[in-house]
Amino acid sequence: MSDRNEKYRARYLETVSEKLGQPAEGVGMFTRPGSMGSALAAQVSPLASGVLGSRGKKKAGGLPLNMIVGVTADKVYVFPYKPKGFGIKLKDPVAVWDRSEVRVERLKEGTLANRLRFHLSGGEPFELDSTKMPGSSSDFNAPLIDLLAV
């Protein structure tokens, strides 16, 4: 694991912990499925980008385009966020689930992102992309995914 990933992860864990007022055990940055491809398609065809974006929103269960997922001892939180220098500014959570009811399944590895399926007890599964950090061969989100793996 790169030192840079560890530094960012520690900073993001601290930010999530402060927002929640309790320690976070894991943190990850996710996007809707296909958002990287949609952004690239926008350079060629705004219409194609819109279609891809709509598909991604549906697959992600309506979650925001970019999100931080934080895991505590008993809950999983989804936060929209904005980059702030080398850190992040979290908005209020848009979803909160009991940790015991969330499982993550690895679907496929890609060049720019890995696709994951999140299973919720009694709910519809949804998919998110775990985007790879530029210049890094490791998955920034791997420790969080391991916490929730099927």
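Modeller: The answer starts at the pocket and then moves along the strands into the core.

This is a predicted model, in which local features need pLDDT of at least 70 and side-chain atom pairs count only at pLDDT 80 or more, while totals for chains, interfaces and linings use all residues. Residues are numbered from 1 along each chain as its sequence is written, and side-chain values use heavy atoms, with hydrogens and water left out.

Read from the N terminus, the order of elements is α-β-α-α-β-β-β-β-β-β-β-α. Of the 150 residues, 44% are buried, meaning under 20% relative accessible area with a 1.4 Å probe and protein chains only.

The part to look at is the second largest pocket, with a volume of about 150 Å³. A pocket here is an open set of points on a 1 Å grid over the protein atoms alone, where a 1.4 Å probe fits and protein lies on both sides within 12 Å along at least five of seven lines. Points are joined across faces, edges and corners, and the volume is the space filled by probe spheres set on them. Rolling a probe the size of a water molecule over the atoms shows where empty space is left.

Twelve residues line this pocket, and Arg106, Lys108, Glu109, Asn114 and Asp139 lie nearest its centre; a lining residue has an atom within 4 Å of a point. By type, the lining divides into six charged, four nonpolar and two polar residues. Asp, Glu, Lys and Arg count as charged, Ala, Val, Leu, Ile, Met, Phe, Trp, Tyr, Cys and Pro as nonpolar, and the others, Gly among them, as polar. At least two lining residues come from each of strand S6 (102–109), strand S7 (113–120) and helix H4 (142–148). S6 gives the largest share, four residues.

The two strands of the lining are themselves joined. S6 and S7 run antiparallel with seven bridges between them, where a pair requires that DSSP finds at least two bridges. A hairpin through three residues connects S6 to S7, and Val102 stands opposite Leu120 in S7. S7 also pairs in the antiparallel sense with strand S8 (residues 126–131), over six bridges. Leu116 has Leu128, in S8, as its bridge partner. Five residues lie between S7 and S8 in their hairpin, and Gly122 in that turn has a positive phi of about 75°. S7 is mostly covered, with six of its eight residues buried.

Trp97 touches Asp74, Lys75, Val76, Val78, Val102, Leu120 and Phe126, leaving out residues up to four places away in sequence; contact means heavy atoms within 4.5 Å. In soluble globular proteins, nonpolar side chains tend to be buried together.

Also in S5 is Ala95, which counts as buried because its relative accessible area is 11%. Beyond its neighbours within four places in sequence, Ala95 is in contact with Leu63, Val76, Tyr77 and Val78.

Phe79 is found in S3 and counts as buried because its relative accessibility is 0%. Phe79 and Ile68 are eleven residues apart in sequence, with their C-alpha atoms 5.1 Å apart. Among the residues that Phe79 touches are Val16, Lys19, Leu20, Met67 and Ile68. Pro80 also has its place in S3, and at 13% relative accessibility Pro80 counts as buried. Its C-alpha atom is separated by 6.3 Å from that of Pro64, 16 residues apart along the chain.

Terms used: Buried < 20%, exposed > 50% of the residue type's maximum accessible area, 1.4 Å probe, protein only.
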